Amino acid sequence: MSPITRAPSRISTPISRRRLLKGLGAGAALAPFLSERSLTAAAPAGNLIIFHTPNGHKRRLDSDPTALAFDATTAAGALSFGQSLRPLQPFQSDVAVVRGLNLKTPTFIASHQDICRILTCRANPNGETDRDQFTAFGPSIDQAIGAAVDKPPLVVAVDPYRDTPHWRTALSWSASGVVAPFVKDHAAVLDELFGGAAGSVPSTAHPPIHKATSRADFFKTQIGAARARVAARARAHQPWTSDAVRSLEQSAQVSPAVTCDATALRSRVAALPTPPARQPDDKSYDGAAAEMQARGELWMDIIAQSFACGARRVATIQWQGASEGYDPVANAGSPTHHSVTEYAFGSMSGARWMAIDAWYAQRFAYQLAALDRLGILDRTIVVWVSEITEGHNQTDMVTVVAGGQALGMKTGKYVRYPFIGTEVEGAGAIPLQQNPANRSLADLWVTVQQAMGIPNATFGDPKWCAGPLTELRG
């Protein structure tokens, strides 16, 4: 398998306030800062991708507990990945590995069922019971941000995967007790995002420059919007801060490699093999690793292009259901991944688990590369989550966060929050997770939503929020 490489660095020339204002008076002055491509789309605002894989991650090597697997450290002042995360090396400066966050609002069992809580961070206000172990009590972060930016999230699943909702797939929630449905039909999503077979950009997207459309008309649209914001700022006597200038600069930028046409994506959909019978229960067929990779990577390219063209700003990709999961390395059906994490394969389980994590790390790198090719990685935050950690709990979690530098995210670093206590399995971990000395997973979502322009100081249950992670942004 060929390694992921990132696109060459792009040179971004900032527009000074004087030159920007001059450009607002004459469209030609902005032309040097715009792409010469015949079909492009205006750069979107901040975006978010939730990347979910099941069954937690192997943090250390069994043969050498001091050696890192799904974890990182700081070496010589730089981020150093553990063995499972080495596929992310080409994006070292764009990735932060955060350890020490804890879900403080788990179900009463604090196990795989908490797929319903990791994005919602709100417990049953009347107290947890066994009837609530599959229920969320608030919107998930993807749905909350989607509602705030008025762009519905795209929630997709990768085959082999169940066709109908199940507690194992209840990751995204539009409201308390309301699971957001996932989709698996690539063609249907392309129709929704880009229109019919011609692949036109939907009306909600930024207007493209077509060969039959005058570039001057496109510039006029972009400049007119910027001029209106200048006038509004002047009427309000608002100072020209660096953020204000940056906002206008971004309105005049054009993503350098975006074609808002779904033709190539449709060709890839047509080339997908017809999959065998879908997964009807906790088990799935063997021999589907190549299919899984192809379908997942197609989803990631669709997500990236939908962001670049302004059709969506939030997406969640569910690779497998909680506590089951395909083993893509052994090419073995679900629930083999879960069996590996339960050490059903004896002394070989640790190495197999690390290999599975590394396979998913390659897919995560693919998503970063897809965003990077379209020039939007620095405006897209990608967060890798699982419903548990290495054990059946949500303590001392290792979370990978990438992208978003233009949104203020601090990447290229390892962030280690102290964890107080000795990690245990299941419900016994809940007091540790809720220890005020241990940092809350909800604070990560506060950080993300603020980077997306939503100034709320809490997310989920305010009781468990200490504020944004300043080590990650601020």
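# Close-up views of a predicted model

**View 1. C116, a buried cysteine.** C116 has a relative accessible area of 1%, so this cysteine is buried. Here "buried" means under 20% relative accessible area, "exposed" means over 50%, and "partly exposed" is in between (1.4 Å probe, protein chains only). C465, with a relative accessible area of 17%, is buried as well. C465 is in no disulfide, and the nearest cysteine sulfur, that of C121, is 7.4 Å away. For a disulfide, the two cysteine sulfur atoms must lie within 2.5 Å.

A word on the model: it is predicted, local features need pLDDT of at least 70, side-chain atom pairs count only at pLDDT 80 or more, and totals for chains, interfaces and linings use all residues. Residues are numbered from 1 along each chain as its sequence is written, and side-chain values use heavy atoms, with hydrogens and water left out.

**View 2. The disulfide between C260 and C309.** By the sulfur-distance rule, the count comes to one disulfide. The sulfur atoms of C260 and C309 sit 2.1 Å apart. The torsion about their S-S bond is about -105°, which means the disulfide is left-handed. The bond links distant parts of the chain, 49 residues apart: C260 is in the loop between helix 5 (242-252) and helix 6 (263-271), and C309 is in the loop between helix 7 and strand 8. Helices (H or I, at least four residues) and strands (E, at least two) are DSSP runs, numbered from the N terminus. Both C260 and C309 are buried.

**View 3. Y343 meets W353 edge-to-face.** The structure holds 11 aromatic pairs, and here is one of them: the ring centres of Y343 and W353 are 6.4 Å apart and the planes stand at 75°, so the pair is edge-to-face. To count as a pair, rings of Phe, Tyr and Trp (its six-membered ring) need centres within 6.5 Å; planes under 30 degrees apart are stacked, over 60 edge-to-face, and the rest tilted. Y343 belongs to the loop between helix 8 (336-341) and helix 9 (349-373), while W353 is in helix 9, 10 residues apart. Which of the two is partly exposed? Y343 is, with a relative accessible area of 31%, whereas W353 is buried at 1% relative accessibility.

View 4. F364 and W384 make a stacked pair, 5.3 Å centre to centre with 20° between the planes. F364 lies in helix 9 and W384 in strand 9 (residues 380-385), so the pair ties together parts that are 20 residues apart in sequence. Both residues are buried. They belong to one aromatic cluster, which is formed by F51, F70, W319, W359, Y360, F364 and W384. W359 has a charge to look at, too: the charged end of R363 sits over its ring, 4.5 Å from the centre. For a charge to sit over a ring, NZ of Lys or CZ of Arg must be within 6 Å of the ring centre and within 35 degrees of the ring normal. In another such case, the charged end of R439 sits over the ring of Y417, 5.6 Å from its centre.

View 5. The strands run in the order 5-8-1-9-10-4-11, with mixed pairing. Two strands pair if DSSP finds at least two bridges between them. Strand 5 (154-157) and strand 11 (413-416) are at the edges with a single partner strand each, so one side of each has no neighbour in the sheet. Neighbouring strands are turned by 15° against each other on average, direction ignored. Strand 4 (residues 95-101) and strand 10 (residues 397-403) run antiparallel and are joined by six bridges. There, V98 has T399 as its bridge partner in strand 10.

**View 6. Helices against the sheet.** Helix 7 (residues 289-308) lies across strand 1 (47-52), strand 5, strand 8 (314-318) and strand 9, running at about 175° to strand 8. Helix 11 (residues 441-451) packs on the sheet as well, touching strand 1, strand 4, strand 9 and strand 10, and its direction makes about 165° with that of strand 9. Contact means heavy atoms within 4.5 Å; axes are lines fitted to C-alpha atoms, for helices over the stretch in contact, and angles run from 0 to 180 degrees between N-to-C directions.

**View 7. The hairpin of strand 2 and strand 3.** Strand 2 (residues 72-75) and strand 3 (residues 78-81) run antiparallel, joined by four bridges. T73 stands opposite S80 in strand 3. Two residues lie between the strands, and A76 in the turn has a positive phi of about 55°.
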